[in-house]
Amino acid sequence: MSDDIRRSPFEHGPEDETLAGLSLEGARRWIDPVLSRGRFFAARRIVAIAMMALFFGLPHLAIGGRPALLVDLANRQLLVFGLTLRPADNVLLMVFGAGVVITVFFVTAVFGRIWCGWTCPQTVYLEFVFRPIETMVEGRPAVRRRRDAGGWTAERAARKASKYLLFALVGASMAATFVAYFVSWDGMVAALAAGDRVVWIAIAGLTALELVDFGFFREQTCTTACPYGRLQSVLVDADTLMVGYDAGRGEPRGRLEAGDGPRTQGDCIDCGRCVHTCPTGIDIRKGLQMECVACTQCIDACDDVMDRIKRPRGLVRYTSQRELATGTRRFARPRLIVYGTILLAVYAAFWFVLLGRPMASVEVLRASNEPFKVLPAGIVATQLRMRFTNHLDRPQTFTVVLDAPAGAELAGGAEPLVLAADEVETLTIAVKTPQEAFADGRAKARFRVESDQGLKVEREYVLLGPYQ
Ligand code: SF4
Ligand code: SF4
């Protein structure tokens with residue numbers, strides 16, 4: 001990387017009306033933010049540790065002997081804290097998805113990009129894992145820049161190799177944990193031990209992606225690739241919480257004057273620390289920008305400056321556009337009332353559907369390509385499949401009775417079927433029907449399915465037979 005593109009964003013000057021991470025020609029400009037350790041950074045670090053503990057810990061958490069959270073693609077089921085969802089629960093999944101979307105709308109309208117700055121994995125792992133590793137191995141940004149400007153040396157090569165080795169180790173552990181959400185932790189370990197190529201390739205591919213993302217792409221994921229960032233302009237309003245610069249207090253900006261006389265300018269001493277610390281390289285003093293991920297680093301940087309020059313903190317702070325313009329705050333507004341009302345309705349629908357889930361699902365399916373077979377003595381034999389899903393958290397015993405058509409009988413699959421909690425089983429059922437039961441080649445079969453847990457459902461199925 002040339003020294004020309006590896007420099008502080010502040011050196012480019014305010015005339016650059018392009019992304020801080022890109023030159024006017026579209027080439028990459030490397031951003032090396034200077035860490036600001038303040039009260040928000042300390043709070044974010046606690047949140048980051050909690051998020052990482054959650055990510056790495058969840059695959060080891062079991063409820064009722066099964067993973068607490070598992071996207072079990074192989075068995076087409078989703079385990080969520082003791083709840084098992086299957087394709088038959090599509091309505092519940094749709095309502096849940098709608099709830100997530102409306103929640104994102106609501107939270108963003110109130111808190112702005114709080115997700116991005118505090119809990120997004122991109123921010124959490126970049127700022128609290130990968131950058132600290134980089135600083136530990138290669139030193140602070142200024143030291144790194146100086147060493148990189150000196151060309152390749154054995155020391156520089158060794159430091160770079162060590163850094164990327166550590167990046168790869170962390171990336172591989174994240175990738176393995178991610179895969180465990182799909183095959184369970186034990187399943188992932190067993191697959192690795194057995195040399196399962198799919199699992200090995202998945203972990204290697206994800207590790208490579210993380211190396212590219214956290215090693216090179218970095219803030220560009222937020223500023224150019226993330227769709228959530230692009231949605232901000234329609235999700236926020238003048239009352240949304242944001243990180244903002246109080247221009248009324250800060251302007252006209254100007255360097256600190258020598259001497260003890262009263263300051264004739266605003267509180268901003270134009271030190272540039274809020275820009276140097278910004279991981280997306282923007283100048284918060286230009287107002288709300290799409291590239292701001294609300295990481296609060298500029299608040300910490302500026303608060304420190306204000307402490308030093310003995311001015312009140314909060315020149316850069318959590319605020320809203322309305323507060324900056326008028327000094328007043330407003331929480332209740334039409335947008336929130338609409339989002340809140342829809343959200344309540346969606347949550348109510350979710351619980352309604354969840355609590356109204358059937359004790360079991362019973363589906364009647366065709367069994368083979370041969371719709372029927374005519375046996376001697378005018379009996380029509382039909383093979384069917386019946387799929388049972390026990391939705392209860394305890395065993396359930398099912399029995400099947402054929403109520404119609406008259407004279408028909410079950411010739412297989414009539415024995416009681418015992419299914420464990422959440423178990424699915426498909427039975428092959430044979431129905432023997434007198435030929436006279438068919439009209440125009442069809443006869444309607446009616447199955448009554450009962451269980452020892454109180455289930456009582458009927459299923460109908462059109463049997464095909466010979467035309468009379
Ligand atoms: S850190 Fe504060 S004082 Fe320094 S340039 Fe930024 S806003 Fe102005
Ligand atoms: S402007 Fe401030 S809050 Fe926004 S990304 Fe930059 S440092 Fe973070």
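Guide: In what follows, Ala, Val, Leu, Ile, Met, Phe, Trp, Tyr, Cys and Pro count as nonpolar, Asp, Glu, Lys and Arg as charged, and the others, Gly among them, as polar. By that division, the shell around ligand 2 has 10 nonpolar, 4 polar and no charged residues. The model is predicted: local features need pLDDT of at least 70 and side-chain atom pairs pLDDT 80 or more, while totals for chains, interfaces and linings use all residues. Residues are numbered from 1 along each chain as its sequence is written, and chains are lettered from A and ligands numbered from 1 in the order in which they are written.

There are 14 residues around ligand 2 (C-beta, placed from the backbone, within 6 Å). The nearest of these are Cys 278, Ile 284, Cys 292, Cys 295 and Cys 298. Ligand 1 has 15 residues around it, and Cys 268, Cys 271, Arg 273, Cys 274 and Cys 302 come nearest. Two elements give two or more residues each to this shell: helix 12 (273-276) and helix 13 (297-308). Helices here are DSSP runs of H or I of at least four residues, and strands are runs of E of at least two, numbered from the N terminus. Helix 13 supplies the largest share, 3 residues. The shell around ligand 1 consists of 10 nonpolar, 2 polar and 3 charged residues.

Leading up to helix 12 is a loop from helix 11 (247-250), and Pro 252 lies in that loop. The peptide bond from Glu 251 to Pro 252 is cis, with omega near -5 degrees. Another cis bond, with omega about 0 degrees, joins Ala 404 and Pro 405; Pro 405 sits in the loop between strand 11 (396-404) and strand 12 (409-410). Most residues other than glycine have a negative phi, and most peptide bonds are trans. Ser 184, not a glycine, has a positive phi of about 75 degrees, in the loop between helix 6 and helix 7 (185-193).

Helix 6 (residues 154-183) also packs with helix 4 (residues 121-138): their axes, lines fitted to C-alpha atoms over the stretch in contact, come within 9 Å and cross at roughly 155 degrees, on a scale from 0 to 180 between N-to-C directions. The two are therefore roughly antiparallel (over 145 degrees). Their contact (C-beta atoms, placed from the backbone, within 7 Å) includes Val 129, Phe 130 and Ile 133 of helix 4 and Leu 166, Phe 167 and Val 170 of helix 6. The contact divides into 7 nonpolar, 1 polar and 4 charged residues.

Helix 2 (residues 90-111) and helix 15 (residues 334-355) likewise pack at about 155 degrees, with axes 9 Å apart, so helix 2 is roughly antiparallel to helix 15. Among the residues making this contact are Phe 96, Gly 99 and Phe 106 of helix 2, and Tyr 339, Gly 340 and Phe 350 of helix 15. In this contact, 20 residues are nonpolar, 3 polar and 1 charged.

Finally, the whole protein chain has 15 helices and 16 strands. Its C-alpha trace spans about 115 × 60 × 40 Å along the principal axes. The radius of gyration, taken over C-alpha atoms, is 32 Å, whereas a compact globule of 468 residues would have one near 23 Å (2.2 Å times the number of residues to the power 0.38).

Definitions and conventions. Angles under 35 degrees count as roughly parallel, over 145 as roughly antiparallel, 65 to 115 as roughly perpendicular and the rest as oblique. Two residues are in contact if their C-beta atoms, placed from the backbone, lie within 7 Å.
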